[in-house]
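Biologist: Before I plan anything around this protein, I would like to go through its model with you, one question at a time.

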Amino acid sequence: MTLLARDSASPCPCGRLDPRARARPLAFGQCCGRWLGGDAPAPDAESLMRSRYSAFVREDAAWLRATWHASTRPAELDFEPGARWLGLEVRRHCLIDADHAEVEFVARYRVAGQAVRLHETSRFVREGGHWFYVDGAQHERARK
């Protein structure tokens with residue numbers, strides 16, 4: 001089995017569950033891997049946000065930049081050294097209209113021995129059939 005095939009079969013970092021198999025995470029290839037691989041655009045803002053979480057876990061700067069709206073995309077993207085991502089909880093996905101949405105989530109990670117909880121409401125826009133991350137409002141960022 002190739003490395004890519006093994007990676008595609010492993011549980012998706014975003015933690016989305018398979019609706020056909022109770023409490024079983026979807027495989028990366030059946031979940032965020034479809035979007036990160038460029039096979040198709042993410043169908044909604046929640047799927048794009050989940051794929052962006054997976055991209056942070058995998059340190060896939062190319063995907064993060066490609067899905068960041070040009071009006072707010074940073075010139076450079078750095079990853080926090082030594083960050084170990086622990087999980088994602090999507091709290092709310094709100095479709096505002098056909099081309100605007102918000103996703104509230106909590107992402108947990110550990111860095112330098114400290115737990116970090118990122119609670120954010122992200123804004124997304126759809127242009128040309130593709131969803132893009134615009135920006136987010138952090139509710140709190142606490143190290144525990």
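Biologist: By class, how many nonpolar, polar and charged residues are in the lining of the largest pocket?

Modeller: This is a predicted model, in which local features need pLDDT of at least 70 and side-chain atom pairs count only at pLDDT 80 or more, while totals for chains, interfaces and linings use all residues. Residues are numbered from 1 along each chain as its sequence is written, and side-chain values use heavy atoms, with hydrogens and water left out. A pocket here is an open set of points on a 1 Å grid over the protein atoms alone, where a 1.4 Å probe fits, with protein on both sides within 12 Å along at least five of seven lines, and lining residues have an atom within 4 Å of a point. With Ala, Val, Leu, Ile, Met, Phe, Trp, Tyr, Cys and Pro taken as nonpolar, Asp, Glu, Lys and Arg as charged, and the others, Gly among them, as polar, the lining of the largest pocket has 14 nonpolar, 2 polar and 6 charged residues.

Biologist: Which residues lie nearest the centre of the largest pocket?

Modeller: The largest pocket has a volume of about 560 Å³, a volume being the space filled by probe spheres set on grid points that are joined across faces, edges and corners. Its lining comprises 22 residues, and those nearest the centre are F56, W85, L118, E120 and Q138. The elements that give two or more residues to this lining are α3 (45–58), β2 (100–111), β3 (114–127) and β4 (130–143).

Biologist: What pattern does the protein follow along the sequence?

Modeller: Helices (H or I, at least four residues) and strands (E, at least two) are DSSP runs, numbered from the N terminus. The protein has 4 helices and 4 strands. Read along the sequence, they give α-α-α-α-β-β-β-β.

Biologist: Is H69 buried or exposed?

Modeller: H69 sits in the loop between α4 (61–66) and β1. Leaving out residues up to four places away in sequence, H69 touches V125, E127, F132, Y133 and V134, where contact means heavy atoms within 4.5 Å. Buried means under 20% relative accessible area, exposed over 50%, and partly exposed in between (1.4 Å probe, protein chains only). Because its relative accessibility is 13%, H69 counts as buried.

Biologist: Is L95 buried or exposed?

Modeller: L95 belongs to strand β1 (residues 84–97), and, leaving aside neighbours within four places in sequence, L95 is in contact with H100, A101 and W131. The C-alpha atoms of L95 and D44, which are 51 residues apart along the chain, are separated by 8.9 Å. Since its relative accessibility is 53%, L95 counts as exposed.

Biologist: What is the phi of E59?

Modeller: E59 is placed in the loop between α3 and α4. With a relative accessible area of 46%, E59 is partly exposed. Although E59 is not a glycine, its phi is positive, at about 55°.
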